[in-house]
Amino acid sequence: MDCSSDESSELSDTDIDDYAEKVYVDLKSGRFAARLGADRFRCPFCPGKKKQDYRYNELLQHAIGVGASNRAAKVKANHQALAKLLKTDHADAAGSLPARQAEALFNPPKPVQDQELYVYPWMGILANVPAEQTEKDGATVMQQLDRFKPSRINAVDSSNGYTGFVVVHFEKDWIGFKDALAFHNYYKSRHLGKMDWNEAGRRGKYIFGWLAKEEDYNSDDPVSRFLSERGELKTVSELQLEVSRKTETLITNLTNQISAKSKYLLELECKCNQMDLALQRAMEDSDSLHQRYNEEMRNMQSAAREHSRRIVQETDQLRKHLDEKERAIKRRSKQLSEIVAQTDMERRKLENERKKNDGQNDSLNMARIEQEKANEGVRILVEKHKKEKEAALNKILMLEEQLDEKQKLELDIEQLRGKLEVVKHMEGEGVDVKKRTEELTKQLDERMDAMEHMDELNQTLIIKERMTNDELQDAKKELIKGLADLLNPRSIIGIKRMGELDEKAFLSACKERYGAEAETKALELCSLWQDNLRDANWHPFKMVATGETHKQIIDEGDEKLVGLKEQLGEEVYKAVTTALLEINEYNASGSYVVSELWNNKENKKASMGEVVDHILKQWKLQKRKR
C-alpha cells in the first residue's frame, strides 16, 4: 500500500475515515514499518522519495500535510492513518519538541474546503466595536480575545475617521489558523457572525466577528483596503504546498550537505587508512633497520675489541722498546747536561740580570725625571718663600727702627715741653725767657713735624706689613699644597690637619663596647663629633686669670663633654678636647679644620725657616744621590 497503490477501486471522500482506520490497524500490527529507532522514522507510503529517514516532527508534519491536501482519497487516508499512529502510539518521541510545535502537531486544524480563499497572514474582523475599546492599542479588545491568542489588533480608519471595524491579527502558522477558526466559530455560534451582521443591517448593540476571506478582501471599503495592504488571498492547499516545498527544499539541502559530509568523511577514512598502512609499513621497516643496526653494532664491537687487544699488545711492546731508548737517551742527555749546564746557567743568569737592570734603569730614569721636576718646583717655591721671608724680616726691622725713632722723638718732645715750662718759670732770674722760649718752641715744632711724618710712614709700613703677611699666608698655603705629595708622616716636617679628630681613639673605644659593629659605629660617632666641632654655637671654653693675663681653657663641666666621657671614655674625651683647643688656636672664627706645617720630631708648629731648611736638605741629598 503506497502512494501509487494499484487497488482496483478508488475511494470516495465519505469512505476516507473507514479506510484510514483499517490502515491504522495494519500499521499498529506491524504490517507496515514506520519506526526505525528511538527518534528515527520512515514513511511506508512514499517509497519512491529520496528521503527515507525522518525525525518524529518531520514525519508528523508530512503525514498531516498530505492528509489535509487535495490529493487522491487513498493517499490522504494512508497519511491520516500514519499521523494517528504517530500521535497515539509513538507520542513518546515528541518529548523533546517545543510546546507550541507539539501542540500544532497534535491538534492540526480541521480540513476545510481546499479552494476557499483566506486572507494570509490570518486575520479576523470585528464590527461595531466602540471607539473607547480601541484606545491604548486596543487593550480592552485584546483582553476580551485573550482565549484566541491574537498577536495584535488594528482599528480601521477612513477619511471620515474611525469606521467601527477592528482587524485582529493571528500567528502565521497552523496554530494561528486554528485560533482564527476558533475566533470565527465563537462569534458564529452566538449568531454574531458575518451573516448575522448583514441581516442586522450592519448595525446593532453587539460586537460581530468573522474570519477574513475573499469577500472581505475584494469589497471596496476601508477594511478591504486595509486587508489588501497587509495580506493576500491564499487557499489552505496552496499554503500546504508552499510549506511542503520549503520543507522539501530544506531537506534536499540538508541531504546534499550530509552526502557531501559523508563523502568527505569517507575520503578522510580512506586517507587515514592509507596513512595507518604507511605508518605500519614504516614501523616494520624501522624495526628491521633497528635489528640490522644492532647486529652490525655487535659485529663492530666484537671487531673493535679484537683490534683493541692487538693494539694493546703492540703498544706494550713498543712501550718497552721506547723505555729502553728513553733510558739510553737520558744517560746521554745527562752527560751532555753536565758539560753545558754551567755555561747555560751563567748565560741565563746574565740575561736575567741584564733584563732586570734594564727594567730598573727605566724605572729609575722615569723616577729621576719626575723627581727632578718635583725638586725644581720645590726649589723655586722655597726660593720664593725665602725671598718673601727676607723681605718681611727687612720690613719688620725697618718698623722696629722707625718705632725706636718714634719713641725717641716722643721723648725729645716731652723734654722740650718740660724745658719750655721751666723757662716760663725762670722769668726775672736774668734769663732771656722770650728768646729761650722761641728757641724751644721752634725745636718742639720741628720735633712735632718729624713725629707726624714718622706716623704717616709708620701707617704706610703697617699697611704694607699686613699685605705682606697676607701674601705670606697665601704662599704658605701654596707651599702646603705643593708639599702634600712630597712629605710623609715619617719625615721631620709634615702637614697636620688642626682640629681633625683622631679616628683611632673612637675605633679603640668602640671595639670594647660594640664588638662586630665597632668600625661602623666608630665612623658614625667620629662623623657626629666632627659636626659638633664645626658648630659655631657650641663653645665649651671658660676664661681663667693667670697673673695679669687671661686665657681660655676647656670647660670640663660642659654637658656634651661630660656625656662623651661617660659614654666612650677618657681616650675619646682627650681626642675631642685636643681638637677643640687646636680649632680655638688656629681657626677660632671659622671652626673648621685647617692644615698647618708641623714639626713631627718636636711635636710643635714648624716655622718657615725649619720648613725651608728641611726642604733644602732633602733637595741637596737627592742631588748628591743622582
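How many cavities of 30 Å³ or more does the count give? The count comes to 1 cavity. The model is predicted, so local features need pLDDT of at least 70, side-chain atom pairs count only at pLDDT 80 or more, and totals for chains, interfaces and linings use all residues. Residues are numbered from 1 along each chain as its sequence is written, and side-chain values use heavy atoms, with hydrogens and water left out.

**View 1. The largest cavity and its lining.** The largest cavity holds about 30 Å³ of space. A cavity is a set of points on a 1 Å grid over the protein atoms alone where a 1.4 Å probe fits but cannot get out, and lining residues have an atom within 4 Å of a point. Grid points are joined across faces, edges and corners, and the volume is the space filled by probe spheres set on the points. The lining consists of Leu-126, Val-129, Gln-133, Val-141, Gln-144, Leu-145, Tyr-187 and Ile-207. Of these residues, 6 are nonpolar, 2 polar and none charged (Ala, Val, Leu, Ile, Met, Phe, Trp, Tyr, Cys and Pro count as nonpolar, Asp, Glu, Lys and Arg as charged, and the others, Gly among them, as polar).

**View 2. The open sheet of 4 strands.** The strand order is E3-E4-E2-E5, with antiparallel pairing (strands are DSSP runs of E, at least two residues, and helices runs of H or I, at least four, numbered from the N terminus; two strands pair if DSSP finds at least two bridges between them). Strand E3 (152–158) and E5 stand at the edges with a single partner strand each, so one side of each is left without a neighbour in the sheet. E3 pairs with strand E4 (residues 161–169) over 6 bridges, and Ile-153 has Val-168 in E4 as its bridge partner.

View 3. Strand E2 (residues 123–127) pairs with E5 in the antiparallel sense over 4 bridges, and Ala-127 stands opposite Phe-208.

**View 4. Helices H14 (residues 559–568) and H15 (residues 570–586).** The two axes come within 7 Å and cross at roughly 145 degrees (axes are lines fitted to C-alpha atoms, for helices over the stretch in contact, and angles run from 0 to 180 degrees between N-to-C directions). Contact, meaning heavy atoms within 4.5 Å, involves residues including Leu-561 and Leu-564 of H14 and Val-576 and Leu-580 of H15.

Key
On a 1 Å grid over the protein atoms alone, a cavity is a set of points where a 1.4 Å probe fits but cannot get out, and a pocket is an open set with protein on both sides within 12 Å along at least five of seven lines; lining residues have an atom within 4 Å of a point.
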